[in-house]
Amino acid sequence: MNPILADIYSTVIPSALFVIAAYVLVWAVLLIYVIKVVRGLKKTEEQIAVLEEAVRASRPPQG
Amino acid sequence: MARLTRQMRQGGGPFAPSVSKPSAFQQYKTLLAKDLRQEFRTREMLTSMGIYALLVIIVYGAALALTANGLDIMRMGGGLLWVLIVFTSLLGLGRSFAHEKEQGCMEGIMLVPLDRSVIFLAKATANILFLLAVEIIAVPLFYFFFMSGEPVAPTFPAIVAPLLLGTVGMAGIGTMLSTITMNTRAKDVMLAVLFIPLIYPLLYACVTATTVAITGTEFWIDFFVMPLVLACGYDVVMLLVCWVLYDFVVSA
Amino acid sequence: MSKGKARVPEAGQWPDRLAIPALAAGTVLTSAAFLLAFLYAAPVNGAALDAPELVGGVMVTHQQLISQKIFYFHMPVAIVSFAALAFAAYYGIRYLSTREARFDTCSRVAMEISLLFVVFTMVTGDLWTRFEWGVWWTWEPRLTTYLILMLIVIAYFVMRNAVDDPERRAVFASVISIIALVDVPICFMITRLIPSSVHPVITREGGMAPDMALTVVVALVGMMLVAFGLYRLRFREARLEERVQALKEQLDG
């Protein structure tokens, strides 16, 4: 390759690592956050099920 | 008997107090006088802050052991001085409400029908005065230990301005934060964690101004006047915000 | 909820119907911005070359940098994190004026979103700095301001943990969020206006070409939509937790 062309693109390969790392890290953090929220939702839903059981058990049988 | 009838004629009832409600400025003066008088009697804040400043300087002695070049210390002097002031003020601010809390003064003050922001102003003024007193001791000490090697620039006396502006800002926001963290767990750490990020812009401006005052520079407007104008802006804005919000905080 | 009280935000209302489309739109837009950044926006000039060269019909005189592509996401997330802080302070003010605990929940969730986006800002900014300037950290105005913002938001959550009484906690949290909102622009201005060798002002991106501006705007709108969707999602979870807690207390008491 023409040495000047090589010089023009000389920073691309070394910087590609950082660029990719930046985007990957951002998506990773986002994914972790969304997973955390969804797990919290699931846990709360389980707790609601338990509470519904407790309400049904504590209410005296009708009739 | 005559006084009672006079009071009843004034319409306040037999046991109404015969003084009018003091103005806000009088309340402020009373609260401030209380703090100052207590400090004069016990001197505990000033002594503890003063000794702490001396101890930090001694740590600096170890830290700067290898800096033989006098000019380095001159350039770092502003920053080191402000580190000293920040940590000493953290100590002092953390204890600013200690007396009120221990002796139950706070409940008493809250019973008085006053504008709660007056408490903020009085306490902030007291903290400013204590901090200034400590600085009056600390700056000559610092000069004595570190800066007598090289001659200082002729602009050295100008460090009074950043010291003053910085102290006002730090005491203002520190008093507000001290009230917030007064009742939390681990209140000293909490105060530091909140105080230092909020104070950062002020610190940065004051360090710049102090450093150029110590070492001298030809870009006076850029490096001295501009930071001081910005520090002044910071002080005004922050003190206003704290003034407005203090009522909510102290009544919580 | 009695009719006389002011309307208070609740999960599952009309904004939630917008949340999923917002997230989808946001994802689409940010992906579009990603593609635009790499395929459409012109690469930024780096160091000068020894001799000009003709590439694709255009005279090229500088090295072409792609590390600057990080910037197209760095600035939008920074703006979004500040916007989230503004919302948190807004809800803080509403809490202080009405003492409705719901606003405290809104404020807390907004602060969480702000923290998330500040982490994004720090990550992208730090990696950009590492490549451009060769150091892992430089005390430049933007990075420093965002470090301070991150520390303030972390302090906010530490303080929330340290106070037990819910009403007190809400008051203190609102006050801190308002002070933080006032402090961050001041911090940015001061570090920018005071020249210093340690705080270089990086103005490479001052004066944006239209193609760069378009990419940034697309990324910004996309990120805002993503932030909105995340906020509604997290708010829904927070409300659910609160209702479960209230139910538990009713059952026990």
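Modeller: I will start with one helix of chain B and its two partners, then widen the view to the chain, the core and the neighbouring chain C. Residues are numbered from 1 along each chain as its sequence is written, while chains are lettered from A and ligands numbered from 1 in the order in which they are written. Please keep in mind that this is a predicted model, in which local features need pLDDT of at least 70 and side-chain atom pairs count only at pLDDT 80 or more, whereas totals for chains, interfaces and linings use all residues.

Chain B has 10 helices and 0 strands (helices are DSSP runs of H or I with at least four residues, strands are runs of E with at least two, and both are numbered from the N terminus). Read from the N terminus, its elements run α-α-α-α-α-α-α-α-α-α. The C-alpha trace of chain B spans about 80 × 35 × 30 Å along its principal axes.

Now to the helix I would like you to look at, α7(B), which covers residues 117-147. One partner is helix α10 of chain B, residues 220-251: the two pack at an angle of about 110°, with their axes 8 Å apart (axes are lines fitted to C-alpha atoms, for helices over the stretch in contact, and angles run from 0 to 180 degrees between N-to-C directions). α7(B) and α10(B) are therefore roughly perpendicular (65 to 115 degrees, with under 35 being roughly parallel, over 145 roughly antiparallel and the rest oblique). On the α7(B) side, B:Ser117, B:Ile119 and B:Phe120 meet B:Cys242, B:Trp243, B:Tyr246, B:Asp247 and B:Val250 of α10(B) (a contact has C-beta atoms, placed from the backbone, within 7 Å). By class, this contact has 6 nonpolar, 1 polar and 1 charged residues (Ala, Val, Leu, Ile, Met, Phe, Trp, Tyr, Cys and Pro are nonpolar, Asp, Glu, Lys and Arg charged, and the others, Gly among them, polar).

The other partner is α2(B), residues 24-42, which packs on α7(B) at an angle of about 40°, with axes 9 Å apart. That angle makes α2(B) oblique to α7(B), and here too the crossing is right-handed. Among the α2(B) residues in the contact are B:Tyr28, B:Leu31, B:Leu32 and B:Leu36, and α7(B) answers with residues including B:Ile119, B:Leu121, B:Ala122 and B:Phe130. The residues of this contact divide into 11 nonpolar, 2 polar and 2 charged. B:Ile119 therefore turns up in both helix pairs.

One loop residue is worth a glance: B:Ala186, between α8 (160-181) and α9 of chain B, has a positive phi of about 50° although it is not a glycine. With 12 other C-beta atoms within 10 Å, B:Ala186 is exposed.

The largest nonpolar core has 153 residues, and B:Leu194, C:Ala110 and C:Ala227 have the most contacts inside it (such a core is a set of buried Ala, Val, Leu, Ile, Met, Phe, Trp, Tyr and Cys residues joined through C-beta atoms within 7 Å). Helix α9 of chain B, residues 187-215, gives the most to this core, with 19 residues. B:Leu194 also reaches across to chain C: leaving aside neighbours within four places in sequence, its contacts include C:Ala155, C:Met159 and C:Ile176.

The contact between the two chains takes 27 residues from chain C and 25 residues from chain B. On the chain C side, α4 (141-162) and α5 (166-193) each supply at least two residues, and α5(C) has the largest share, 15 residues. That side has 22 nonpolar, 2 polar and 3 charged residues.

Methods
Buried ≥ 20, exposed ≤ 12 C-beta atoms within 10 Å, placed from the backbone. Left-handed = near helix turned anticlockwise from the far one by under 90°.
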